[in-house]
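Hi,

Here is the structure I promised to pass on. Have a look at it first, and then read my notes below.

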Amino acid sequence: MLSWIFLFIASSLEIAWAAGLKYADSPQDWVATLGCVAGSFIFLVLATKRMEASIAYVLFVTLGAVGTYLLDISFFGKKMMFTAVAAIIVILVSIVCLKREEG
């Protein structure tokens, strides 16, 4: 269970640094962004110590991408697109299939 918590934290920090790359405009913003980069990889490493690296990495990237997309929609005025939602669903179904293969 701890591995999933670490993975969730890593993905949340990835979402934060992705937004930081776009919106940081002061030295403090950049320090926070770089801190999120470092933190996301530290927590990803901790997660991979307790679960398969292939599953951890795929989930990390997917949760980060989906979260960043939802952040853009929720806070930065991006319009939700059917094709993007369909692609996210395909990715999530693919992850479920990968997880089932793991056993």
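**The core**

Eleven residues make up the largest nonpolar core: Phe6, Leu7, Ala10, Leu44, Ala47, Met51, Ile55, Ala56, Leu59, Phe60 and Ile95. A nonpolar core here is a set of buried Ala, Val, Leu, Ile, Met, Phe, Trp, Tyr and Cys residues joined through side-chain atoms within 4.5 Å. Buried is under 20% relative accessible area, exposed is over 50%, and partly exposed is in between (1.4 Å probe, protein chains only). The elements giving two or more residues to this core are α1 (2-23), α2 (27-48) and α3 (53-75), and α3 gives the largest share, four residues.

Before you go on, keep in mind that this is a predicted model: local features need pLDDT of at least 70, side-chain atom pairs count only at pLDDT 80 or more, and totals for chains, interfaces and linings use all residues. Residues are numbered from 1 along each chain as its sequence is written, and side-chain values use heavy atoms, with hydrogens and water left out.

**The chain as a whole**

The chain has four helices and zero strands, so helices and strands here are DSSP runs numbered from the N terminus (helices are H or I, at least four residues; strands are E, at least two). The C-alpha trace spans about 45 × 35 × 15 Å along its principal axes. Of the 103 residues in the chain, 30% are buried. Looking at contacts (heavy atoms within 4.5 Å) with a separation of 6 or more, 65% are between residues 24 or more positions apart.

**Two residues in α3**

Leu59, one of the core residues, touches Trp4, Leu7, Ser11, Gly64 and Ile95, if you skip residues up to four places away in sequence. Thr62 also lies in helix α3. Is Thr62 buried or exposed? Its relative accessibility is 8%, so Thr62 counts as buried. A polar atom of its side chain lies 2.8 Å from the backbone oxygen of Val58. Leaving out neighbours within four places in sequence, Thr62 is in contact with Ile91, Leu92 and Ile95.

**Aromatic pairs**

The whole structure has four aromatic pairs. Rings of Phe, Tyr and Trp (its six-membered ring) pair if their centres lie within 6.5 Å; planes under 30 degrees apart are stacked, over 60 edge-to-face, and the rest tilted.

The ring centres of Phe6 and Phe43 are 5.8 Å apart and their planes are at 50 degrees, so this pair is tilted. Phe6 is in helix α1 and Phe43 in helix α2, 37 residues apart. Phe6 is buried at 13% relative accessibility, while Phe43 is partly exposed at 24%.

Tyr23 and Phe76 form a stacked pair, 4.2 Å centre to centre with 20 degrees between the planes. Tyr23 lies in helix α1 and Phe76 in the loop between α3 and α4 (82-102), so the pair ties together parts 53 residues apart in sequence. Both are partly exposed: Tyr23 at 36% relative accessibility and Phe76 at 37%.

Phe41, Tyr57 and Phe60 are linked by ring pairs into a cluster.

Best wishes

Conventions:
A polar contact is a pair of N or O atoms within 3.5 Å; within protein, one must be able to donate a hydrogen and the other to accept it, and residues adjacent in sequence count only if both atoms are side-chain atoms.
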